[in-house]
Amino acid sequence: MIPSAFDYEAPRSLSEALSLLNSREDAKILAGGHSLLPAMKLRLAAPALLVDLSRIEGLSYVREAGERIHIGAMTTHAEVAASEVLKARCPLLAQTASHIGDVQVRNRGTIGGSLAHADPAADYPAAILALEAEIVVTGPKGERVISAAQFFTGLFTTAVAANEILTEVRVQATSGAGVAYKKFAHPASGFAVVGVAAVVKAAGGKIQSARIGITGVSEHAYRATAVENALAGKTARDIAAASEHAADGVDALSDTFASGDYRKHIACVYAKRALEAALK
Amino acid sequence: MAKKNGKANGHAFVGQRFKRKEDPRLIQGISHYADDLRLPGLLHCVFVRSPHAHAKISSIGTDAAKAAPGVVAVFTGNDVKDIGCVPCAGSLPGLKIPNHYVLARDRVRYVGEPVAVIAAETLYQARDAADLVEVDYEPLPAIVDMEKALAKGSPYVHDEFKTNLAFTHVMNTGDVAAAFKKADVVVNQRLVNQRLAPVSMEPRGVVAQYLPGEKALTVWSSTQIPHLLKTQMAVMLGVPETSVRVITPEVGGGFGSKLNVYGEEGVVPWLAIRLGRPVKWSETRRENIAATIHGRDQINDVELALKKDGTLLGMRCHVLADLGAYHQLLTPIIATLTGLMAPGCYKLPAFEFVVKGVFTNKMSTDAYRGAGRPEATYLIERMADIAARELKMDPVAFRRKNFPSPKEFPFATAAGLQYDSGNYQGTLAKATQIAGYDKLRARQKAGWKQGKYYGIGVSTYVEICALGPSSAMPAGGWESGTVRIEPTGKVTALTGASPHGQGQETSFAQLIADMLGITPADVNVVHGDTAAVPYGIGTFGSRATAVGGTALYVATEKLQDKMKKIAAHLLGARPDAIVIGGGRLTVKGSKKSLSFGEVVGAAYSAKSLPEGVEPGLEATHFFEPRNFTFPFGAHIVCVEVDRDTGAISLDRYVAVDDCGNVINPLLVEGQIHGGIVQGIAQALYEEVIYNEDGQLSTGTLMDYALPKAAGLPEFELERTCTPTPVNPMGVKGVGEAGTIGCTPAVVNAVCDALAPLGIRHIDMPLKPEKVWRAMQGGSQIGATAVLAAAEKKAGKASSRRRA
């Protein structure tokens with residue numbers, strides 16, 4: 001539980017952080033540190049330099065911007081879970097944050113750190129996909145916006161370039177839609193074996209649209225488009241049959257707790273539960 | 001005291017829910033664990049451990065590590081040949097005992113086996129240097145599966161034995177063959193009791209300091225057995241025992257894993273002597289899971305012979321016990337304890353128990369909370385349920401049928417033990433009443449109609465505690481107690497037991513305070529320092545109160561007698577006319593009295609002592625129990641199984657335990673709570689998994705699932721009180737009861753819930769996937785079909801039945 005030696009910098013500005021990040025190879029951004037530091041203690045990661053973002057002002061906020069809500073990258077899970085703005089206008093994100101880890105993890109871990117780390121069993125990715133969020137990254141040439149659909153590219157990999165820092169997450173208010181996050185947690189790690197986030201719009205008993213993000217099952221979170229398509233224009237009675245397609249074509253992960261086949265089965269069960277809860 | 005609690009007079013503190021004296025310092029973090037110790041010139045050490053389950057060591061290169069910053073020394077197995085082997089205290093006829101070096105020499109035999117040690121100025125430097133030690137391994141085939149290990153052609157863990165069978169131990173009572181011949185029904189089942197990691201909150205830790213002038217070696221170790229460790233350490237290091245002092249700082253739990261002598265406890269003091277500087281080693285959690293002993297790991301093939309009316313006629317039990325690669329202190333005898341308790345709470349005319357101990361390329365198994373008894377209770381209580389279902393009997397009725405009656409105690413068992421006292425009907429009746437058993441059955445039936453799998457699990461247990469008479473113990477089974485009333489009237493109590501979370505600093509103070517008519521605040525209980533406390537055995541096997549507490553009880557009686565003599569002398573009365581209480585010694589029926597302090601003062605000033613009475617107030621007693629004690633109880637668990645996922649939720653937990661008289665109910669309930677939680681954890685979550693290459697797949701707490709408070713129901717606890725005649729206090733012990741009673745109740749509940757699907761047994765841990773797959777094997781049918789299937793299946797069970 002002793003990491004290799006590393007250097008540590010705590011810059012006061014984003015531009016300083018960017019230049020430090022690009023000053024040497026093996027530099028790594030430190031946000032809440034609740035994934036990176038354990039990995040370093042187990043010597044699974046050994047960055048030469050940690051660039052700590054915690055002293056940069058203005059990276060932690062939840063801000064309304066018309067129909068959108070902007071969340072600073074350094075906003076902790078606890079802050080997201082407790083945000084009155086999010087609870088009122090985008091409750092799925094707050095609900096998802098409340099499922100992450102335990103109190104200590106939620107008090108330290110950040111939304112930007114979690115998304116950039118892209119653990120295949122993290123909770124946020126399911127919600128980020130279902131919300132069709134946008135992720136803002138800042139690099140030497142300024143800001144660029146990545147859509148949720150483009151963001152997760154593989155196991156622990158994202159569309160954030162090595163010289164960029166994730167700075168903001170933007171979500172659309174989900175007024176008028178039902179939302180839910182349902183999680184089948186690993187009994188040891190607390191991570192999602194399967195986590196399903198659903199955003200459902202319905203009117204007059206008809207489902208107008210459903211967006212479903214699923215985490216934990218495969219190398220990165222995905223949209224269950226087969227379920228979404230099967231539900232368009234249908235009713236609550238069709239949820240069970242549609243949910244059977246929640247893991248269609250997915251190459252599932254396997255571990256000592258849950259095999260790939262079982263994960264896929266749980267994805268279907270939890271898709272149904274999330275959709276039903278969202279419609280309630 | 002032998003009376004039941006509440007009936008005896010004059011107990012101001014015994015029987016009260018007294019808050020723990022230990023807690024303020026622990027809660028505030030102002031006391032010291034081994035890792036908190038800071039000594040001038042302290043060196044830190046790190047062990048280099050094998051990444052292979054089985055390999056030949058071709059060479060070890062230490063030059064780079066030795067040259068690394070801050071490194072003071074690097075040693076390998078060949079450098080420490082003057083340290084003796086890790087001791088094994090268990091002895092069985094024909095037992096094979098391999099050399100167990102403190103650092104591997106030419107072969108490694110499990111993942112995590114230490115091969116080198118580094119001492120450096122800082123922990124970080126030591127850890128960095130560990131990566132620079134170049135060990136050249138030639139991997140060998142790993143022996144992982146017990147049955148394959150015994151098959152012809154298997155490679156050997158220890159070539160010198162030409163077998164992986166370490167021992168075969170047989171117990172036999174009655175005519176087993178005849179019992180099975182005349183049986184109406186025979187049921188059999190193979191039960192796997194999976195390997196567990198104890199995972200005490202504080203891992204192990206050792207700090208050693210050697211003063212060459214004084215030839216004084218002081219070792220602080222997180223252990224349950226300071227005195228036994230002192231003796232074994234002197235033997236391992238070849239130093240006189242008189243120059244070794246072992247101190248247990250705060251010990252953050254052990255669950256049996258620190259009832260041991262580890263190689264690191266030889267290496268760290270050796271380093272301190274060799275390097276002339278104090279040395280510290282603190283185990284990491286990964287080391288703790290890989291290289292601290294594991295528990296359980298048995299395969300039990302059990303067969304019961306029964307009459308149609310449910311009467312038990314006989315039991316056959318064939319056990320494979322996975323010992324791991326080497327023996328630790330008690331490794332080979334754990335499974336023999338399973339044999340001793342396998343008959344459980346039942347009258348059993350014929351009994352056969354055969355256990356084979358098997359070497360594999362894994363960490364050693366040894367004592368983990370219950371140590372062989374949870375395995376026994378699990379096998380007999382699972383079989384009781386399987387038999388009851390086969391006979392279409394209610395599991396409660398089946399158990400009642402086979403209990404000895406309270407009048408039959410002391411009860412001689414099929415395993416050759418004599419159960420001291422018991423009323424098994426009493427605990428079971430109380431548990432069923434609290435649970436509302438009949439209503440629960442009705443609720444279950446109603447649930448089936450809605451497609452709900454609700455299960456009610458019953459387990460009755462008896463366990464062996466207060467270990468124990470010396471004749472049955474490898475290193476003596478007595479305990480020491482010294483009580484010293486200081487000149488100011490404060491009391492120091494020295495116990496050879498070594499509490500590490502149980503709370504005896506509190507309960508022993510309550511006991512002594514009552515006996516001397518003072519308050520617990522005036523009694524300081526000292527333990528875990530071999531220079532301060534007379535030789536003792538330690539805390540394990542639910543023995544500290546029943547054996548160690550009794551030693552203090554008898555020592556305090558001696559002081560009561562002495563104080564009465566002195567008071568009588570000063571007051572002009574007969575000693576037997578003196579009563580002690582309320583801080584005074586009073587002549588019965590008169591107003592003549594002396595304060596406690598006045599009598600203490602007289603004992604120390606020694607100016608007017610009765611003839612033949614020595615000055616001072618100190619007494620020691622070494623208590624040798626004449627038998628074990630046998631606490632018992634009944635646990636009832638209600639579960640619901642999620643039909644879509646196989647996930648299990650606990651609805652209710654009722655436990656009625658009988659541990660005899662109780663000194664502090666708060667501490668007893670704490671033990672029961674913790675025990676139940678660990679029992680649930682074995683049933684549902686925990687499992688040490690080695691893959692087919694002998695790699696540890698559950699090496700961190702991200703994979704190894706410890707129980708969490710969320711998901712546990714309220715525990716509905718009650719007690720009955722059947723004192724033991726074995727000790728004058730009538731106390732039995734409670735440290736392991738919860739773990740022992742719980743696990744089979746949970747598995748029984750789940751199998752009960754799934755009975756409509758024809759599921760008879762699922763091996764632990766009952767992970768959702770395993771349960772769900774078993775449910776798929778049943779059928780994918782609707783609620784009404786489930787009921788129909790249940791009725792159909794009740795007719796044809798999977799075991800063989802005689803006409």
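Trainee: How many residues of chain A are in contact with chain B, and how many of chain B take part?

Mentor: 14 residues of chain A are in contact with 20 of chain B; contact means C-beta atoms, placed from the backbone, within 7 Å. This is a predicted model: local features need pLDDT of at least 70, side-chain atom pairs count only at pLDDT 80 or more, and totals for chains, interfaces and linings use all residues. Residues are numbered from 1 along each chain as its sequence is written, chains are lettered from A and ligands numbered from 1, in the order in which they are written.

Trainee: Which helix gives the most to the side of chain A that touches chain B?

Mentor: Helix α12 (residues 260-279) of chain A, with 3 residues. Helices (H or I, at least four residues) and strands (E, at least two) are DSSP runs, numbered from the N terminus. By class, the side of chain A that touches chain B has 10 nonpolar, 4 polar and no charged residues. Ala, Val, Leu, Ile, Met, Phe, Trp, Tyr, Cys and Pro count as nonpolar, Asp, Glu, Lys and Arg as charged, the others, Gly among them, as polar.

Trainee: At what angle do the axes of α10(B) and α18(B) cross?

Mentor: Two packed helices are described by the angle between their axes and the distance between the axes. Here α10 (residues 373-390) and α18 (residues 737-753) of chain B have axes that come within 8 Å and cross at roughly 30°. That makes α10(B) roughly parallel to α18(B), a label for angles under 35 degrees. The contact includes B:Y378 and B:R382 of α10(B), and B:P744 and B:V747 of α18(B). By class, this contact has 6 nonpolar, 5 polar and 4 charged residues.

Trainee: Which residues of α11(B) are buried?

Mentor: In α11 (residues 395-402) of chain B, they are B:P395, B:V396, B:F398, B:R399 and B:N402. Buried means 20 or more other C-beta atoms within 10 Å of the residue's own; exposed means 12 or fewer, partly exposed in between. They cover an arc of only 160° around the axis, which puts them on the same side of α11(B). The buried residues pack against β14 (312-324), α10, α12 (424-435), α13 (437-449) and β18 (453-462) of chain B.

Trainee: How many residues of α5(A) are buried?

Mentor: 6 of the 8 in α5 (residues 91-98) of chain A, so the helix is largely enclosed by the rest of the structure. Among them are A:L92, A:L93 and A:Q95.

Trainee: Where is B:G581 found?

Mentor: In strand β22 (residues 578-581) of chain B. With 16 C-beta neighbours inside 10 Å, B:G581 counts as partly exposed. The C-alpha atoms of B:G581 and B:L516 are separated by 6.7 Å, though the two are 65 residues apart along the chain.

Definitions and conventions
Contact = placed C-beta atoms within 7 Å. Axes fitted to C-alpha atoms, helices over the stretch in contact; angles between N-to-C directions. Parallel < 35°, antiparallel > 145°, perpendicular 65-115°, else oblique. Arc of directions from axis to C-beta.
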